Amino acid sequence: MNYLGRPVVFRKQKAMEVGGFDEGLEGAEEWDLYLRMTVGKVDGRGVCHLPYVLCHRGGEAEAGGGVGSEGVEKEVVWRDCKRRGVGVEGIERMRGGWRIRYGVGEAKPLVSIVMPSKCQLAYLRPCVESVMSKTSYDRYELLLVVNEKRLRNAEVERYLEGLSGVGGKVRLVVYPDEPFNYAKINNAAVREARGEVLALLNDDLEVITGDWLEEMVGHAMRAEVGAVGAMLYYPDGTIQHAGVILAERGIPDHRLRNVRKEEAAEGGYLWFEQNLSAVTAACVVMRKECFEEVGGFDESYAIDLNDIDLCLRLRQRGYLIVWTPFAEFYHYESVSKMADIAEQYALWSEENSKFIKKWRPVFPLDPYYNPNLSFKPPYYKLSFPPRVTLLPEEWRSERL
């Protein structure tokens, strides 16, 4: 969507270098110009946002500009995708904006679904069944990553043996009986992965949207994208994960947690794909080369924050972290992991302190969360008192 609106200030020379306004795109000519001026600029580079209230405006008619016919706006999007060399399978109208369906290519990449599990069958069974029965993307392997001591349970052993013969898609990866370390377990499993793309999944998920892999792989195959996260709901339908923000003191938190999607419509935060600072590894898709480029998970984060640390290291390399609302799951909120954290509170606290010390100097403010908004969950409400100061004194000078 053309979120810039007005007022917008740009250098005349830059606009003329790309051909100025296209008179054939009346109503969306400003949007088209902004897109042409930012070709090759990843993640908003080349665009500066001033987080100050500089003006007030009336209704849309008074604000003016930026609203074209549906056909003209779709043409603007198509042209922009073509300029950027983006593979697109379709563009469709969505709640005042446009959804781009990114293609996965004719030679669909093999996806390695990596699923560490403590083999609590009450959760694992429905999770695996939903993945294998509802997933429409057929080029995947499922690596079920299990502690060797779990294989001593007769019921678990029978279940896993039954899975091994399901279409050749399931492989068992056994790790030694040692203290739980989520990062280390996943790093070891990824080394066994044959796929060009990784999908890291918790074993307490249930698939809602069958084309979740097409949606997430489409984004992950974009050269500028490092990782892609999904929309996760609690069983009662409230939001468990819709992306992560770096909140007060740099502490990561799930935005809009415990809110129903229909109640969080204001601002469109849940209706469109977005770039964010981080997403949870309970369900994340990325190219294997990106995972390896940053060295995988930092194994010093044994029980928590390893996923956020991974995302921020990808951000440092210039990659985008994408969240999409079009890949949906139920999530039973890491039942086994929560028990581990309760038992290892001291370790969790130590890892949390280490994370803040490492990343707060790098990201003192979340670049994807407006500083005029509150840090009070579920977020996205105006901050009172304001978190940003008034304009610098020199900006208010009469001579300016």
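A polar contact is a pair of N or O atoms within 3.5 Å, where within protein one atom must be able to donate a hydrogen and the other to accept it, and where residues adjacent in sequence count only if both atoms are side-chain atoms. The model is predicted, with local features needing pLDDT of at least 70 and side-chain atom pairs counting only at pLDDT 80 or more, while totals for chains, interfaces and linings use all residues. Residues are numbered from 1 along each chain as its sequence is written, and side-chain values use heavy atoms, with hydrogens and water left out.

**View 1. Polar contacts of Ser117.** A polar atom of the Ser117 side chain lies 2.8 Å from the backbone nitrogen of Cys119, and the side chains of Ser117 and Asp203 are joined by a polar contact of 2.7 Å.

View 2. Ser117 belongs to strand E3 (residues 111–117), strands being DSSP runs of E with at least two residues and helices runs of H or I with at least four, numbered from the N terminus. Ser117 is buried, at a relative accessible area of 3%; buried means under 20% with a 1.4 Å probe and protein chains only. Beyond its neighbours within four places in sequence, the residues in contact with Ser117 (heavy atoms within 4.5 Å) include Leu124, Val146 and Asp203.

**View 3. Helix H7 and its cover.** In helix H7 (residues 182–191), 7 of the 10 residues are buried, so the helix is largely enclosed by the rest of the structure. Among these buried residues are Tyr182, Ile185 and Val190, and their cover includes E3, strand E4 (140–147) and helix H10 (306–316). Asn181 caps the N-terminal end of H7, with a side-chain oxygen 3.1 Å from the backbone nitrogen of Ala183.

Methods. Buried means under 20% relative accessible area, exposed over 50%, partly exposed in between (1.4 Å probe, protein chains only).
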